[in-house]
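Here is a short briefing to read alongside the model. Take a moment with the fold, and then we can walk through a few spots together.

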Amino acid sequence: AGAWESFRWQYGPHRLGIGILLLDLVASLTRWSSRAEAFTSGAIFLAAAVSAVALKFRLFKTLGYADVAILFIYMSLFHVESLVIVPNPSHGSVPTLLLLWYCAALMAERPVVRYTLVLTLNFVMIYTGFGIFVAPITVGLLALAGWQNRADRRVRTLVFAALAIAVLSAASFFVGYRFDPASPDWSFSASDVPLYPVFAGLMLASFWGVRITWLGTDARASQLGEWLPTIAGLALLAMLVVLFVIHVRRIWRDGIHRNPLSLVSVVLVGFTLLFCFNTAVGRFFLGLEAAQESRYHALLLPAGLALYLNVLTLARPNIRLALVLLLVCAAVVGVLPIGIVDDYAGGARDSRIRWRDCYLRRGDIERCNREAAVEVFPYVEPLAARLEFLKRNRLNLFAEERASPPAP
């Protein structure tokens, strides 16, 4: 496929966008190395961490020791699945980075530069994974900016032209789009809707390492393992909703570009809330445990950054210091290779190495699934065809077999 067709390629419920073009470059340079894919995602998270620190400096004009929390939040091992299991940059890492650039673009002083950058990043994000959730935010902010500048004909014209482009960008996403939920067994039930906040809250709790755990066979311990993350998650969800409302009111009252922190907070928190509730709709049928999947963490990073930035604005020094230390400690825990993170990543690595070695010896998918105790892909027939393609072209696990040149 060409660059444009690849950019618009639909993979499940979203498109691949700029992430697939990056992956295509990495794959072509490394003969489709899975390790190179994983390190690419890690490099994107590192770039996002640096961008987040730069955004904090842009907002506050200062850096402090506590800002190391930002680096820890963005390099947390709790989103290990985005690095090791399915390192698809289109899904989470690239949209996370682009959203930070989008926030910086909103603060550009010259309107023409500001809206050019915002519309460009908005278009790229709409087509890149779950970056699609920036679309309603862009439309809402531009509509508000147009209303607030209605007395200035030149600015009003510019803003409404930008709004029209933003609406067309969002509409273009649906040209040729098909309904394709990530889970083939997906089903919707109206009776589940009241529990969506619980699901969203568990996603947020998991981001800070508070997960559902079964503590032995004792019933009370098991209940504690369920209720503690639920209560913590609902508290975090309520906090984000309150923050969102407060900052929306401020930019409505003061002007959309007169309070950069409020503008950035609306974008970061609004994006995360949209993602959380969309995920609840799409994954609730799998059970509440599905809320704590590691691959969601990349798209919860904006809320983590927003919480930290808002804690820094608290007027009372003692409360501010206590909450900053709490966030720093929570972020530090996320970079320690402990518990489920270490077992998850190490287990995935070891089982895949066993599967690879088995397949190179035997060439039997089902037998290697049994011997390695892992399925690298759930459907045998398409996997067999893809493995044949890789073997024919000396790619990925066959890259070291140089007996004959790659097929044309």
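Predicted model: local features only at pLDDT ≥ 70, side-chain atom pairs only at ≥ 80, totals over all residues.

**Leu141 and its surroundings**
- Leu141 counts as buried because its relative accessibility is 7%, under the 20% cut-off.
- Beyond its neighbours within four places in sequence, Leu141 is in contact with Tyr102 and Leu106, and also with Ile251, Ile256, Leu263 and Val267.
- Leu163 is 22 residues away from Leu141 along the chain, and their C-alpha atoms are 8.9 Å apart.

**The nonpolar cores**
- The largest nonpolar core has 96 residues, and the members touching the most others are Tyr74, Tyr102, Leu141 and Leu305.
- Helix 11 (residues 260-283) provides the largest share of this core, with 12 residues.
- There is also a second, separate core of 12 residues, with Cys358, Leu387, Leu395 and Phe398 among them.

**Two arginines with positive phi**
- Arg31 is not a glycine, yet its phi is positive, at about 55 degrees.
- You can find Arg31 in the loop that runs between helix 2 (17-30) and helix 3 (34-60).
- With 23% relative accessibility, Arg31 counts as partly exposed.
- Arg394, also a residue other than glycine, has a positive phi near 55 degrees.
- Look for Arg394 in the segment after helix 16 (380-392).
- Arg394 counts as buried, since its relative accessibility is 12%, under the 20% limit.

Note on methods:
Residues numbered from 1 in each chain as written. Heavy atoms only, no water. Core = buried A, V, L, I, M, F, W, Y, C linked by side-chain atoms within 4.5 Å. Buried < 20%, exposed > 50% of the residue type's maximum accessible area, 1.4 Å probe, protein only. Helix = DSSP H or I, 4+ residues; strand = E, 2+ residues; numbered from the N terminus. Contact = heavy atoms within 4.5 Å.
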